[in-house]
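Hello,

Here is the structure I promised to pass on. Have a look at it first, and my notes follow below.

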Amino acid sequence: MQQRKKYSEQLKRQVIGLTRLPGAQMSQIARELGIRANQTHRWRRELASGSKKAFPGNGVASHQEMLALKLELARIEERDFARCGGGVAKASP
């Protein structure tokens, strides 16, 4: 039986931050990061509840490192996408 993955509070907040970007789709972000879409929905719901115990637990280092790298890659791709004009080719005069 596979062991359950655990993520740190910081990584959960970063994932939630990505889902709040304009035009972001939770299912696509979750798929790119290798997590389940319903997990991101649950994390958003827990954070919105305002409870101090929104994210109990203390993640496993290997999973955290992998997700941190994926989050960084997503942030860089978002920056580069915005820098190049959103992927829209400009017509030459």
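Glutamine 25 sits in the loop between α1 (9-19) and α2; helices here are DSSP runs of H or I with at least four residues, numbered from the N terminus. Its C-alpha atom is 9.7 Å from that of alanine 37, twelve residues apart along the chain.

Please keep in mind that this is a predicted model: local features need pLDDT of at least 70, side-chain atom pairs count only at pLDDT 80 or more, and totals for chains, interfaces and linings use all residues. Residues are numbered from 1 along each chain as its sequence is written, and side-chain values use heavy atoms, with hydrogens and water left out.

Now to the helix pair. Met26, Ser27 and Ala30 in α2 meet Ala37, Thr40, His41 and Arg44 in α3, where contact means heavy atoms within 4.5 Å. By type, the residues of this contact are three nonpolar, three polar and one charged (Ala, Val, Leu, Ile, Met, Phe, Trp, Tyr, Cys and Pro are nonpolar, Asp, Glu, Lys and Arg charged, the others, Gly among them, polar).

Lastly, leucine 67: leaving aside neighbours within four places in sequence, leucine 67 is in contact with Tyr7, Leu11, Val15 and Leu33.

Best wishes

Note on methods
Helix = DSSP H or I, 4+ residues; strand = E, 2+ residues; numbered from the N terminus.
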